[in-house]
Amino acid sequence: MPDALAYERVALRYPGAASDAVGPVSFCVRRGERVLLLGPSGAGKSSLLHAATGLLPEAIDGIRRGEIRVEGQPADARRPAGWADTCGYLFQDAAQTLAGFTVRDEVAFALENRAVEAVDIPGLVARAMARAGLPTDWAGRRISNLSGGERQLVALAALLAQDAAITLADEPAASLAPQAARRMTELVLARGRTALVVEHKPGPILDRIDRCLALGRDGRIIAEGPPSEVLVAQGPALADNGIALPLGIRLHLAMPEILAPAADLTDSLRGLAPGRRRTEALRAAVLPDPVPPGETLVTLRNADCAPAFGPVVLRDITLSLRAGEVLAILGPNGAGKSTLAACLAGLLPPRAGQRTGPPGAVAFQNPEAHFSRESVAAEITAATDSATASDILARWGLTLVAGQHPFTLSQGQKRRLALALLTETGRWPVLILDEPTGGLDGAGEAALGRRIRALARGGHGVAVITHDLDFALSVADRAVLVAQGALRFDGACPALLRDEARLAQAGLLPPEAAPLLGWLETAC
Amino acid sequence: MLNGFHPLPKLALCLAWIVASLLVFRLSFQIALFVAASVLLLVDARIPPRRLLALMVPFALFGFGFFTTSVLFRADTGFAFQMAREQGGAPDAAPGLVLFFRVLACGMVSAVFAATTDPGQFVRALMFHLRLPAPMGFALLQAMHMVPDLRAEMLQLRMARAIRLGRPLRRIASPAEIGALAIPALAYAIRRATRAALSFEARGMQPGATRTHLPQPPITGRDWTLLALGLGLLVAALSAVGAAGP
């Protein structure tokens, strides 16, 4: 029986590029196998997914060398559209790739393209929506009225309806709140499904992965095998290449004398006796260094927050941010976190109530909104000053792409550039970062965490909107929980992240570090 | 009532009234059509009066030149006279006024269609009943998505620009700001369209390929009745105009 997917010495190059974006690589995905593709941002992971059915080079300009076979047939044997019955895609930016006008249209789209009998389509649509956890009354909702995370769930329902044997998923859970992300993972990576998945944060999905493939910075395979072998044995090499590791392995690499190597942190902590040095080391590894908070920088008092063209989504919000403080803004998809960010920064005036404080800056979810120059270097030079530009480019891993147009970067590189533009200038006393870890690899996330803490030490007030609760825990002193149109919690970040019941009510799940928080509490 | 009217017969009826408005050069006919369409918008489509007035503004602006020339200066433009002559205009009113109310009447009839029709259902009906090619139909749906998304993107671009320049966000964009954001907005639209095309291809859409459709609402007897009633009313109105003579 042929492999579901086979790449034989495949190399991909974009027009005008001096070198290959990825490859040459050779690997296969067997039927019923779930393969995780790891790699730093810009290593060519998305390009490899696009090449599977010939989207690259048929629909995306580029050159492919080597051969790709889908279920034993050359990928070139059909047009990319012809493989829709075999391969289903979940794209990185679902918000921009939905076809229908309503949710029903969207879920039915691939079925219509496959010429499924019209009478069968409504039943298949309803079944796919139910499997994806979409309420039945969503069927008539317009796509344009959905939030980014909701659109991602609709894309999942559409994929399930498509019922292709092979799933190609590019960071499918990146913009989802943890509970929704878990549902997505359970469905896309169910036992017996064939899937090739790109994910920057492997921790939450490792138990559903049969094999890992890791690409290095040069776009070639540096490790391959079962997750436990690749991540534990090759951990240092992966970390050197900027790949994010599960927290348990990261902690083991940082303090091998304290923690045994295991992808699951609970296993590592089992039987670990408390001790002062050990406790302090573990606390420092997952919690930020405290910074004494200064004066209040910005305050929202009894504010009603609304997007520019929409109704009020948050009522009677009272919230302040102090100098030296990092605040995590947490909540489910569509809760109004981005609207709160715009109000807090002073970009959108509250419909009622009051905002006081200097204007702030927001790093938007879509990094492209921040670009206005012809090259990465020009963006950095314009935002900072030319003397420090090369240092900043190096610090954010952008030196090699300094001459490129910002829109030609990978998603992770775009994110790093947008964050560098806002966080390196020191112009704004208040900074709000909206889902800043989306598309970032391990090295990028670590650099961002360090920069946020440096800003806090420098007297800035920073708010971070994120679904990545481990990242929130590592950078934030305080957290607010936004749900059902109001603030449901305002207090210490670790206290919220240990409160499973409260998190569950808001569609969130405890972070990977939750067992360690429990251990630290017991140890103290 | 009109919300449940199938989009295609409704479109045919609206087009028939618009064509009649373009052919009949009578002030009374234009005012009657304008009033009838406005009443339908207020009563059936439940458009609030203030919004209805706002809807009229672009159409009124279009015909405002004829209106001012005719009412304020008690004269008419050469164009208005020529139109009146070519279309057998009756001497019941100044030609400029007729043209002004014609623009308003056509605008309000279009608004009746737009306000009472689900755009997605309309495009679906075009694909299902009139064989509009699916790539074209879904491109139209994408364009409809893009309007609100582009508005949100423009706002985000404006916010990012305000942040970059260290200025507060203005309530209304200045011409210079619009100019500066035109290229990024265009780039966004092109990227968005490219991604959508990629997604269409990946999910099996091919020009010319056989595809089925989600079951669509059929054109029922009630729709035919409404169409017949609307056309009957139009014939009656035209007869009345004809009976009134030139």
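This note describes a sheet, a chain contact and a helix pair in a predicted model.

1. Basis. Residues are numbered from 1 along each chain as its sequence is written, and chains are lettered from A and ligands numbered from 1 in the order in which they are written. Because the model is predicted, local features need pLDDT of at least 70 and side-chain atom pairs count only at pLDDT 80 or more, while totals for chains, interfaces and linings use all residues.

2. Sheet in chain A. Four strands form an open sheet in the order β2-β1-β4-β5 (chain A), with antiparallel pairing. Strands (E, at least two residues) and helices (H or I, at least four) are DSSP runs, numbered from the N terminus; two strands pair if DSSP finds at least two bridges between them. At the edges lie β2 (22–29) and β5 (73–74) of chain A, each pairing on one side only. Strand β4 (residues 63–70) of chain A is joined to β5(A) by 2 bridges, and Arg69(A) stands opposite Pro74(A) in β5(A).

3. Contact between chains. Chain B contributes 39 residues and chain A 47 residues, where contact means C-beta atoms, placed from the backbone, within 7 Å. On the chain B side, α7(B) gives the most, with 15 residues. That side divides into 21 nonpolar, 10 polar and 8 charged residues (nonpolar: Ala, Val, Leu, Ile, Met, Phe, Trp, Tyr, Cys and Pro; charged: Asp, Glu, Lys and Arg; polar: the others, Gly among them).

4. Helix pair in chain A. The axes (lines fitted to C-alpha atoms over the stretch in contact, with angles from 0 to 180 degrees between N-to-C directions) of α15 (residues 411–423) and α16 (residues 442–457) of chain A come within 11 Å and cross at roughly 10°. α15(A) is therefore roughly parallel to α16(A), a term for angles under 35 degrees. Residues meeting here include Arg416(A) in α15(A) and Arg451(A) in α16(A).

Terms used
Two residues are in contact if their C-beta atoms, placed from the backbone, lie within 7 Å. Angles under 35 degrees count as roughly parallel, over 145 as roughly antiparallel, 65 to 115 as roughly perpendicular and the rest as oblique.
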